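Q: Can you walk me through this one? I'd like to get my bearings before I set anything up.

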Amino acid sequence: MSVAKPNPHDSGPKHVSGQAIYVDDIPMPSNTVHLAFGLSERARAKITKLDLSAVRTAQGVIDVLTADDLPFANDVSPSVHDEPLLATGEVFYHGQPMFLVVADSHLNARKAARLAEVDYDDLPALLTIEDAIAADSKFEEPVIWQVGEPYDDAPHTLSGSIDIGGQEHFYLEGQAAAAIPREDDMIVHSSTQHPTEIQHKVAEALGTPFNAVRVETRRMGGGFGGKESQGNALAVACAIVARRLNRPAKMRYDRDDDMIITGKRHDFRIDYAVGFDDTGRIDSLTFDQFTRCGWAQDLSLAIADRAMLHADNAYFLPNVRITSHRLKTNTVSNTAYRGFGGPQGMLAMERVIDHIAHYLGIDPWEVRKSNFYGKGRDKTPYHQTVEDNLAPEMMAALASRSDYWARKAEIAEFNAQSPILKKGIAMTPVKFGISFTLTHLNQAGALVHVYADGSIHLNHGGTEMGQGLFTKVAQVAAEVFGQPLDAVKITATDTGKVPNTSATAASSGSDLNGMACKNACEKIRDRLVAFAAERWQVTPDAIRFTDGIVEIGDQPIPFGELTKAAYENRVQLSATGFYKTPKIEWNRRAGRGRPFFYFAYGAAATEVIIDTLTGENRILRTDILHDVGKSLNPAIDIGQIEGGYVQGAGWLTTEELVFDDKGRLRTHAPSTYKIPACADRPKIFNVALYNNENREDTIYRSKAVGEPPFMLGISAFLALSDAIASCGEAYPALNAPATAETILRTVDRVKGQPW
Amino acid sequence: MSKLHVTTTINGDSREFLCEPEDTLLDALRNTLGLTGAKEGCATGDCGACSVTVNGRLVCSCLMLAAEAEGQEIDTIEGMADHDKLHPLQKHFLEGAALQCGICTPGFLVAAKALLDKNPDPTETEIRYHLAGNLCRCTGYDKIIRAVQNAAAEMRGA
């Protein structure tokens, strides 16, 4: 058996020895040129003068391009062609690329990019959610889904609002691309989750059909959604310059440029009004979700949809209206980020539960129990039936494993005796829908060769960004052929091998590509079986591929011997595989259908401590129970869960994006933007997999794991809120991110001393 | 301006290279010497992805000029394994799944080795403190800390 084993990451030996090659590590020909963008220094303005003479004469500069120099499409948008590579006469956000510098080194290109003389005619800039609401600036009319009829005379009612900050991806490897012209073709290396889209955008920019562009991605140094569309600009810039100069071109963003230019997680404001009974059971709920999409559409509509799709989290809402406002602002174009809007929608729901519990003076766990999906209460606000409602049993199991009630009592005792330091605890569920909501994206391809010596060459449309996808898919191939994992050669994602792929996103990588790989391998195995049955005169069911050999009747044959014989008998040992997710159908405007093949579940309990004089805080203990179905690889899955939780907790605590009143991002480096570090990891961190086969027929009954654990971090946020609540009578109504400053301010407000 | 000639020792081997006065040690390692194990994560000394040791002292190679390597002993991730035999830290990072995308891994390993060279039996708090300058966006750090503890235990026993 190769699946269900904790095999190490396939690149691990290269990672630990410094031999793993990322785009910026690829040895390039000596005539390679290096690129940098000149950036707008206004959030919204007409460009009245763009004098590039000092740029052109700067040291090492070879060429400078503006929009007028682009031969074909000036567009890097992944959706509605509204995102020019280079600005055309006006700028829409601070940091927008205006011109492209080509130089003999990365440093010279960057230095020269600062030398332009630009005059701007400033126009009014819409920077905040409130600015956009006031100006009615939006990408489409509000989307409204309603089930039942929300009303305002329930036995108890509450209303409130939560601000939810954005998040920088902070993949440790910044965006990077390289293009190498070869006769009529363009070879592109890109750090991207979506090689096919890079191929399309490069082809459009070069005025060639897709078949003249080949994109290769071996690995990324982290993606998290930030490399789903944000690599387009670099790859297109490289390809245009490579064609124009007939020289290889390479571009990577410096960290500050990366943070200023590229999109982030969408920030939201979500208003709610809820009606409920004495037990906290919700009967009526309205959400108004306002999201700052930025200046271009990118993937924002689908992201806002997913925020709506997770507005229920794990709870049944009999009368609910969700209204989504997709706001257009003069800020960076926000983009995909792990969870894709889901975390924001889910956080607001968990806030509502927490608010109800505080109002009724009962434990939030009791309110959650009153509201879970269950028998006769199983329809989501988008009309999908919740078939495997695991949240209640997982939460109950976690409450027991984490000793929730005993610790709750200990915390109350601690807080009663501790005037300055206060503790808090919260336990929250995750129910996350798996499938791309754009139905046609739920397809994947694979290409498998078995060579005459029995070695296996594997390729598929998924990309490796650290999540261990390549290892998991290779385990599938090894399983089908009964071979050890090291018999399978994992190869770089390549648009020349598997075409028309979807982004590696929506947690779908192993579900889709694992199945496509299995399909290809089984075609070859079936041919081998047919050949062996005839050659050794046995029935096909007497042939087994296991433990590195092939059992043909009673006779064990080395796999390589069988493949050699098959080759010599003219059996085709190469196959393509394909998979499309069954059962799904979806109408997004109506909010009706089955957008998800299945749900992945999780539950987390977090205990924190805060200093009420400074707002400083620590996570003391985290317990997690997470559902990955029947795990393909427990080591990789637990890694995803731990990393997802810490990243989610970072989003809601220390990671604060600050834009000033000119629309400038003031937190554009790790010196000012704080992602979790070693000391932020929970002191006690218990993570367990919930043993459960996926009820749907997924790859070896496993479940997706990329995004769902991210939302376990919500428990850290609500634990902080719980600690703050112990400081006074008022509900904390904590906003995210709960930085030390925000915690201190909220503590003082709860104490009746607002500032 | 003419290039500077630098003679230094890298991973025990004597090396010579030419550099511009403003080149960082990271530039020289990656672009001139072909040692791409050290990565540029931020170029401001905040992420630790470019960690190397200079005469045994942990430094961010993005903050040190290449010319300052003159006469120094530089150790990088490429020199950590003894030919095919992985250093215990490397082995435990690999076996303990203390890596995902891998781009921070060389920096963590170099930093962790610098710690264990001075303090073979660090407490968990000391490990966290020492690795505070290395950022990882994937793992959540738990397995990294455990890998360092396990490697330290193995090295003490060896």
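**Walking through the model**

A: Chain B is divided into domain 1 (4-79) and domain 2 (88-156), with bounds that come from an automatic or database domain assignment. This is a predicted model, where local features need pLDDT of at least 70, side-chain atom pairs count only at pLDDT 80 or more, and totals for chains, interfaces and linings use all residues. Residues are numbered from 1 along each chain as its sequence is written, chains are lettered from A and ligands numbered from 1 in the order in which they are written, and side-chain values use heavy atoms, leaving out hydrogens and water.

Q: How far apart are the C-alpha centres of those two domains of chain B?

A: The centres of domain 1 and domain 2 of chain B lie 21 Å apart. Each domain puts 13 residues into the contact, where contact means heavy atoms within 4.5 Å. Domain 1 and domain 2 of chain B bury about 950 Å² between them, 66% of it on carbon and sulfur atoms. Buried area here is the accessible area (1.4 Å probe) that two parts lose on being put together, summed over both.

Q: And what area is buried between chain B and chain A?

A: About 3800 Å², with carbon and sulfur atoms giving 55%. That contact takes 45 residues from chain B and 52 residues from chain A. On the chain B side, B:Gln100, B:Arg128 and B:Arg137 lose the most area to chain A, together 23% of what that side buries.

Q: OK, cores. Which residues have the most contacts inside the largest nonpolar core?

A: A:Phe287 and B:Phe93, in a core of 195 residues. A nonpolar core is a set of buried Ala, Val, Leu, Ile, Met, Phe, Trp, Tyr and Cys residues joined through side-chain atoms within 4.5 Å; buried means under 20% relative accessible area, exposed over 50%, partly exposed in between (1.4 Å probe, protein chains only). Helix α14 (residues 509-536) of chain A gives the most to this core, with 12 residues. Helices (H or I, at least four residues) and strands (E, at least two) are DSSP runs, numbered from the N terminus. Domain 1 and domain 2 of chain B both give residues to the core, so it lies between them.

Q: What does B:Phe93 touch, leaving aside neighbours within four places in sequence?

A: Its contacts include A:Val16 from the other chain, plus B:Leu99, B:Phe108 and B:Ile144. There's also a second, separate core of 42 residues, which includes A:Ala177 and A:Ile261.

Q: Switching topic: what order do the strands take in the open sheet of chain A?

A: β16-β27-β28-β29, four strands with mixed pairing. Two strands pair if DSSP finds at least two bridges between them. The edge strands are β16 (421-434) and β29 (684-689) of chain A.

Q: How many bridges join β27 to β28 in chain A?

A: Nine, and the two strands run antiparallel. A:Gly602 stands opposite A:His626 in β28(A).

Q: Is B:Asn55 buried, exposed or partly exposed?

A: B:Asn55 counts as partly exposed, at 48% relative accessibility. B:Asn55 lies in the loop between β3 (51-54) and β4 (57-60) of chain B.
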